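Colleague: Could you walk me through this one? I'd like to talk about side-chain pairs before anything else.

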Amino acid sequence: MTATLKRTDLKRIERPTGRVVWFTGLSGAGKSTLAGALYAELQARGVPTELLDGDAVRENLSRGLGFSREDRDTNVRRIGFVAGLLAKHGVTVLVSAISPYAGTRREVLETLPHALEVFVDAPLEVVAGRDVKGLYLKALAGELPHFTGVSDPYEAPEHPGLHLRTDRITVEEGVRDLLAALGEA
C-alpha cells in the first residue's frame, strides 16, 4: 500500500528552521577560531552545521573579486545568499568573514533567518601580534593597500547580538557564551 500525501498534509509537515551566526571583526580577531570551535561543539551535539569561512569563500565562490568596497560588498552578499539557502533547510550556518561595512552586513543579516551577529573584537595591537603572515606589518608600513583596519575602514557593529573580546576571554569561554546565545547551553 502506498501512502499519498494530500495538499493539506503538506502544510502539517514541520519544516526545520535554520539559523545563521555571523562572525565579524578584524583579521586575526579570532573569528575563524571561534567559528571552528563552535562548529565542532554543535557537530558533536548532532546539530546540522556548516561553516562558511571568508577566506575559503573568497577563493572558491568569489575568486576574481578585489578589495574595493564594491567587491567586498559583493563577497558579503554572496556569502549571505549561500548562508540563507543552507539555513532555509534547517542548517545552523556559521559565517566567519571580516565583512567590514556595517550597512552591507545589516542588509544581509536582515534577509537571514534567526541571524545572530557576533562582533569578535580585539585591539589592533593584539590582532597585529597574532598575524603570522606579517600582513599588518606590511599594511602599517604602507606596503599593503586596502587592508581592513589599517588603510581601509572596519565599521564595528553598534548593537551586535553578542560582543566577544578575544583579548580577554579564552576560546572555551567564547564557545560557552555562543552556546548560551543560541539556546544550546
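Colleague: Is Arg-77 buried, partly exposed or exposed?

Modeller: Arg-77 is partly exposed, with a relative accessible area of 37%, where buried means under 20%, exposed over 50% and partly exposed in between, computed with a 1.4 Å probe on protein chains only. Bear in mind that this is a predicted model, in which local features need pLDDT of at least 70 and side-chain atom pairs count only at pLDDT 80 or more, while totals for chains, interfaces and linings use all residues. Residues are numbered from 1 along each chain as its sequence is written, and side-chain values use heavy atoms, with hydrogens and water left out.

Colleague: And which residue does Arg-77 form a salt bridge with?

Modeller: The partner is Glu-107, with the closest N and O atoms 2.7 Å apart; a salt bridge here is a side-chain nitrogen of Lys or Arg within 4 Å of a carboxyl oxygen of Asp or Glu. Arg-77 lies in helix H4 and Glu-107 in helix H5 (residues 102–109), so the pair ties together parts that are 30 residues apart in sequence. Helices (H or I, at least four residues) and strands (E, at least two) are DSSP runs, numbered from the N terminus.

Colleague: What about Arg-105, which residue does its side chain meet?

Modeller: Arg-105 meets Glu-117 in a salt bridge, at 2.9 Å from N to O. Because Arg-105 lies in H5 and Glu-117 in strand S4 (residues 115–121), this pair links parts 12 residues apart in sequence. Arg-105 counts as buried at 2% relative accessibility, and Glu-117 is also buried, at 16%.

Colleague: How many salt bridges does the count come to?

Modeller: The count is 10. Among them is the one between Arg-69 and Asp-73, whose closest N and O atoms are 3.9 Å apart; both residues lie in H4 (residues 69–88), four residues apart, or about one turn of the helix.

Colleague: Changing topic, what is the strand order in the sheet?

Modeller: It is an open sheet of five strands in the order S2-S3-S1-S4-S5, with parallel pairing, where two strands pair if DSSP finds at least two bridges between them. S2 (49–53) and S5 (162–165) stand at the edges with a single partner strand each, so one side of each is left without a neighbour in the sheet.

Colleague: How many bridges join S1 to S4?

Modeller: Five bridges join S1 (residues 19–24) to S4, and the two run parallel; Val-20 stands opposite Ala-115 in S4.
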